[in-house]
Amino acid sequence: MTAPSTIGLICPYSFSAPGGVQNHVLGLAGWLSGQGHRVQVLGPGRPTAAMLQAAGLRPEQYTSTGTAVPLRYNGSVARLSFGPLAAARVRAWLRRVQPDIVHLHEPITPSIALFALWQARCPVVATFHTATSADSRLSAARRHLRRTIGRVDAGIAVSPAAHEVARRHLGLDPVIIGNGISLGARPDDLDRTWWRGSPGPRITFVGRYDEPRKGFEVLTQALPLIRHRVPHLEVCVVGEGTPRALPSIRFLGYVDDRERDEVLGASDVYVAPHTGRESFGIVLLEALAAGADVVASDLPAFRDVLIDDHQDLVGTLATTGDPYSLAEQVIRVLENPSPARRAAGWEHAMTYDWSVIGQEVAGVYASVGWGRGPQRPTRQR
């Protein structure tokens, strides 16, 4: 293990509206803290006490840059903090924390991550999450921010799709390291022959279901076909959105990570009918870790995350945007339960536990001078 270092993690997205990138940053911060490092997190908004506690972080390890502004981006809403006041807060944070290394997420967004990239005077690691290769704004960023992009000492992409975006539009070659999860105990019912949602099966959807790219409408079109073959089907929907008057669907609303894991741990199948613009798919791994089967759209990011080290699929893929294919695959999984498939899924999820992913990220830190002693490298501008 390297000597304790001071590590600054910067997330551009607001912690007042939790998402995958925010959870990844908190999870990494918690793992690094558990290794004895001094870790500070900077971001817009403020995570709840429960979020910090779940990550093993103290309140004083988080600094807010203030409120965020919602912007339409990548088929969703990104809540970012930018402007002169945010830039001043980044500068003050860097002076106070004096990090040995700064780890930025989505550094080319108009946000505090970009401000930190301009201002940091220590090695910089950047993680790229975006998988929207058709977005011309990234190519424009490369043209106008060429020198800024050159300040990144080492890059990480969360998936091959995100790597392709960084390579094609930014001219970078980041190492691929997936998002991390905190894996709990092995579920004791992986070899079950009964429904978790007795008297019938329970399938679960997780996501902001008002966003078209999450594919909730594909699921609702598939449900009558599934119910025709599988009676007593129960459907749970977790996430923000406007509840619909749909039969036999329970809208649970927003829940925290612990409650989400409990729902997944009581589900027979997790369904991810997303239609595009996904860079990873961490909830697929969380579902596998909870002992649920996974049926997902055949998106590149989902396929990548569901292929194990033996190049075998540990989940089931349906044709993207096709409710008939989705129904067919859900029915096939429900009618052909496989303890071996569930066990393989859980074993695969283990490879994304923070004990594994954290070490891979630490290897990237080491490649840019992390842990070489008390001296602080100074950037040549």
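Visitor: Is strand E10 (residues 202-206) largely enclosed or exposed?
Guide: Happy to start there! Local features in this predicted model need pLDDT of at least 70, side-chain atom pairs count only at pLDDT 80 or more, and totals for chains, interfaces and linings use all residues. Residues are numbered from 1 along each chain as its sequence is written, and side-chain values use heavy atoms, leaving out hydrogens and water. Because 5 of the 5 residues of E10 are buried (under 20% relative accessible area, 1.4 Å probe, protein chains only), the strand is largely enclosed.

Visitor: Which residues cover the two faces of E10?
Guide: In a regular strand, side chains alternate between the two faces of the sheet. Both faces of E10 are buried here, with Arg202, Thr204 and Val206 on one side and Ile203 and Phe205 on the other.

Visitor: Which residue in E13 is the bridge partner of Thr204?
Guide: E10 also pairs with E13 (residues 269-272), in the parallel sense over 2 bridges. In E13, the partner of Thr204 is Tyr270.

Visitor: How are H8 and H12 oriented to each other?
Guide: The axes of H8 (residues 216-229) and H12 (residues 323-335) come within 8 Å and cross at roughly 45 degrees. Angles under 35 degrees count as roughly parallel, over 145 as roughly antiparallel, 65 to 115 as roughly perpendicular and the rest as oblique. The two helices are therefore oblique.

Terms used:
Buried means under 20% relative accessible area, exposed over 50%, partly exposed in between (1.4 Å probe, protein chains only). Helices (H or I, at least four residues) and strands (E, at least two) are DSSP runs, numbered from the N terminus. A crossover is right-handed if, with the strands pointing away from the viewer, the path from the first strand over the helix to the second runs clockwise. Two strands pair if DSSP finds at least two bridges between them. Axes are lines fitted to C-alpha atoms, for helices over the stretch in contact, and angles run from 0 to 180 degrees between N-to-C directions.
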